[in-house]
Amino acid sequence: MRKDLYIQAMDAIPFSGDIEEQIYKKLQDEKQSYRKKMFFCTAYAVCIAAVFFIICIFQKQTLYSNYLEKTELNKLESVNRIREFSVPAGSDISEKQILTSEMLILNINDSSDVKGIFMLQGEISGDDLMYDIGYISDGQYMELETSYTDTVLNTRVELKENTEFSWCITNRSDNAMTFSGEVSVIYNDLFYRNYGEGVIDIDSTSSILIHDIGSLITEDEFNGIYLYNCKTRKTEKITAELENIDFQIDSSGKYIVYAMTHEKKVINLVNFITVESIVNNDQGMTGF
């Protein structure tokens, strides 16, 4: 027995003939009290851990979607919340906030009888951007891009079968972010085979000249001119100037050239473009 504990117990008891028995009884009582405290502390810690575990499971199981099947919901990783909006094709979307670990679902109205090209264009704003892009087709989730960091978003999906379609943006950063832009659908089969209306086929020997867009957009509204590669699904900001717009194409392919306003409105510039190419060492110009 520890001497210091024995002395403390002895000092706490008035002297009598059975002092040794009293000291021993007091030490036993203190030992039992210590064991009870340890038991309750351990039980408390276990209860806290169990509650936390149940809350985590409950949060995972309470994810709900009108457009994703339950089996697909269970496959989602690190998604704590889903927000859904039903939007008509061709509509502008203004400043939809997406919280950390949240999935934003944009369902295209009356898309169940549609086949063709579904387009998502706009801009993502926020600090330290990182997000995933995907879509839902008849309840199944398909991922297109992961850990995406571009501020300009311009992507498309080509579907040959009729389907109910939704776009998905999942915030993977530690900060809230905001999406503004437009969702659109190209229904015509001819456009489908040609990557959609407003797409131009350009080779690597060509230069693009953009002219007379002052009637579309003012200098105060103007954010920039962007070039979207339909094959790689990559977007490049060409210029922030409104006049004397002339740039070279690095590789042949199908492109969309568009302007964007500060309010995130996208304007296709196909009717304001002249493509200058070299044919038999002579310059030729093609207007669209």
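What percentage of the 288 residues in the chain do buried residues make up? Buried residues make up 42% of them, where buried means under 20% relative accessible area, exposed over 50% and partly exposed in between, with a 1.4 Å probe and protein chains only. The model is predicted, and local features need pLDDT of at least 70, side-chain atom pairs count only at pLDDT 80 or more, and totals for chains, interfaces and linings use all residues. Residues are numbered from 1 along each chain as its sequence is written, and side-chain values use heavy atoms, with hydrogens and water left out.

View 1. Helices (H or I, at least four residues) and strands (E, at least two) are DSSP runs, numbered from the N terminus. Among contacts between residues at least 6 apart in sequence, 66% join residues at least 24 apart, a contact being heavy atoms within 4.5 Å.

**View 2. The open sheet of 5 strands, in the order β1-β3-β8-β5-β6.** The pairing in this sheet is mixed, and two strands count as paired if DSSP finds at least two bridges between them. Strands β1 and β6 (140–148) are the edge strands, each of which pairs on one side only. From one strand to the next the twist averages 20°, with axes taken as lines fitted to C-alpha atoms (for helices over the stretch in contact) and angles running from 0 to 180 degrees between N-to-C directions.

View 3. Strand β1 (residues 81–87) runs parallel to β3 and is joined to it by 7 bridges; F85 has L106 as its bridge partner, and E84 has I105. Strand β8 (residues 165–171) runs antiparallel to β3, with 5 bridges between them, and M103 stands opposite T170 in β8.

**View 4. The charged end of K96 over the ring of F85.** The distance from this charged end to the centre of the ring is 3.7 Å, and a charge sits over a ring if NZ of Lys or CZ of Arg is within 6 Å of the ring centre and within 35 degrees of the ring normal.

**View 5. The cluster of F118, Y135, F165 and W167, linked by ring pairs.** Rings of Phe, Tyr and Trp (its six-membered ring) pair if their centres lie within 6.5 Å, and planes under 30 degrees apart count as stacked, over 60 as edge-to-face and the rest as tilted. By this rule the count comes to 5 aromatic pairs. One of them, F165 with W167, is edge-to-face, at 5.1 Å centre to centre and 85° between the planes. F165 counts as buried because its relative accessibility is 0%, and W167 is buried with a relative accessible area of 0%.

**View 6. The stacked pair of Y226 and Y258.** The ring centres are 5.5 Å apart and the planes lie at 15°, so the pair is stacked. This pair links distant parts of the chain, with Y226 in strand β12 (residues 222–229) and Y258 in strand β15 (residues 253–261), 32 residues apart. Both Y226 and Y258 are buried.
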